[in-house]
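Visitor: I would like to go through this protein element by element. Please take my questions in turn.

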Amino acid sequence: MLDSSGSIEMPSEGGFVGGWAVEKELAVGIIKSLGSVRNLLVVRFDEAAVPITTNAGNTSRAILDIRAATYTSGDTNITAALRACSTALDGLPAGTTSIGPIVVLITDGQDENTAVSEAFNIKSHKSQSYASAPKIFTLGMVEKTQVGLLRAISSGSGRAFLASDGSAATLLVNSLTK
């Protein structure tokens with residue numbers, strides 16, 4: 001899930017000019033590190049969540065779609081993005097994964113809505129489609145990131161990372177590929 005809200009590129013909000021481009025390249029790097037995947041959904045969100053790509057297993061196409069995605073600059077609604085992922089998990093056909101799904105949220109964490117309950121809904125997904133519950137990893141893009149929110153979203157399943165840590169993207173990728 002890629003945050004394309006206004007604060008991603010607003011220095012007064014902790015963002016930075018070019019933040020959207022950096023965020024997209026982080027996502028591309030994460031996808032490349034995963035290699036071949038069976039199901040892949042990338043969602044861009046601000047006030048609403050919009051799938052960028054739904055080409056199952058086509059990482060090359062997903063990378064092109066991410067790079068072509070446009071910056072929208074609305075308010076931040078992490079709940080909408082999590083809900084889109086939850087809906088996608090509901091639609092997975094039986095037997096599609098041998099491990100639980102992995103959800104990655106890249107954001108500045110400046111959420112105007114509550115997202116923790118929707119994250120709980122994702123983590124509680126367990127069906128015949130996959131072997132274990134989904135794991136949510138979060139990557140905060142800016143110094144003003146609401147760290148507590150990102151930790152709460154990933155609590156009990158994944159891990160929260162901050163881009164200001166320098167090696168956060170590498171740590172995230174290492175966590176995903178274990």
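The questions below move from the overall layout to strands, helices, cores and single contacts.

Visitor: In what order do the elements of the protein run from the N terminus on?
Guide: This is a predicted model. The protein has 6 helices and 6 strands. From the N terminus, their order is β-α-β-β-α-α-β-α-β-α-β-α.

Visitor: What percentage of the residues in the protein is buried?
Guide: The accessible surface of the protein is about 8,100 Å², and carbon and sulfur atoms hold 52% of that surface. Among contacts with a separation of 6 or more, 69% are between residues 24 or more positions apart. Of the 178 residues, the buried share is 47%.

Visitor: On strand β2, are V42, R44, V43 and F45 buried or exposed?
Guide: Strand β2 covers residues 42-45, with V42 and R44 on one side and V43 and F45 on the other. Both faces of the strand are covered. The four residues are all buried.

Visitor: Which residue of β3 stands opposite V42?
Guide: β2 pairs with strand β3 (residues 49-53) in the antiparallel sense, over 4 bridges. The two strands form a hairpin, with 3 residues between them. Within β3, the residue opposite V42 is T53.

Visitor: Which residue in β2 is the bridge partner of L2?
Guide: Strand β1 (residues 2-3) pairs with β2 over 2 bridges, in the parallel sense. The partner of L2 in β2 is R44.

Visitor: Which residue of β5 is the bridge partner of V104?
Guide: With 5 of its 6 residues buried, β4 is largely enclosed by the rest of the structure. β4 and β5 run parallel and are joined by 6 bridges. In β5, V104 has as its bridge partner F137.

Visitor: Why do the buried residues of α4 lie on the same side of the helix, and what arc do they cover?
Guide: In helix α4 (residues 116-123), the buried residues are E118, A119, I122 and K123. They lie on the same side of α4 because the arc they cover around the axis is only 145 degrees. An α-helix has 3.6 residues a turn, so residues three or four places apart point the same way.

Visitor: With which residues is A160 in contact, leaving aside neighbours within four places in sequence?
Guide: A160 lies in strand β6 and is partly exposed, at 24% relative accessibility. Its C-alpha atom is 7.7 Å from that of G140, a residue 20 places away along the chain. Leaving aside neighbours within four places, A160 is in contact with T138, L150, R151 and S154.

Visitor: Which element gives the most residues to the largest nonpolar core?
Guide: The largest nonpolar core has 24 residues, and L2, V42, I66, I106 and L172 have the most contacts inside it. Two or more residues come from each of α1, α2, β4, β5 and α6 (168-176). The element giving the most, with 6 residues, is α1.

Visitor: At what angle are the planes of the rings of W20 and Y71?
Guide: A search of the whole structure finds 1 aromatic pair. The rings of W20 and Y71 have centres 6.5 Å apart, and the pair counts as tilted because of the angle between its planes. W20 is in helix α1 (residues 19-34), while Y71 is in the loop between α2 (59-68) and α3, 51 residues apart. The planes are at 40 degrees.

Visitor: Is W20 buried or exposed?
Guide: Buried means under 20% relative accessible area. W20 has a relative accessible area of 5%, whereas Y71, at 30%, counts as partly exposed. W20 is therefore buried.

Technical notes:
Residues are numbered from 1 along each chain as its sequence is written. This is a predicted model: local features need pLDDT of at least 70, side-chain atom pairs count only at pLDDT 80 or more; totals for chains, interfaces and linings use all residues. Side-chain values use heavy atoms; hydrogens and water are left out. Buried means under 20% relative accessible area, exposed over 50%, partly exposed in between (1.4 Å probe, protein chains only). The arc is that of the directions from the helix axis to the C-beta atoms. Two strands pair if DSSP finds at least two bridges between them. Contact means heavy atoms within 4.5 Å. Accessible areas come from the Shrake-Rupley method with a 1.4 Å probe; for residues, only the protein chains shown count as cover. Rings of Phe, Tyr and Trp (its six-membered ring) pair if their centres lie within 6.5 Å; planes under 30 degrees apart count as stacked, over 60 as edge-to-face and the rest as tilted. A nonpolar core is a set of buried Ala, Val, Leu, Ile, Met, Phe, Trp, Tyr and Cys residues joined through side-chain atoms within 4.5 Å.
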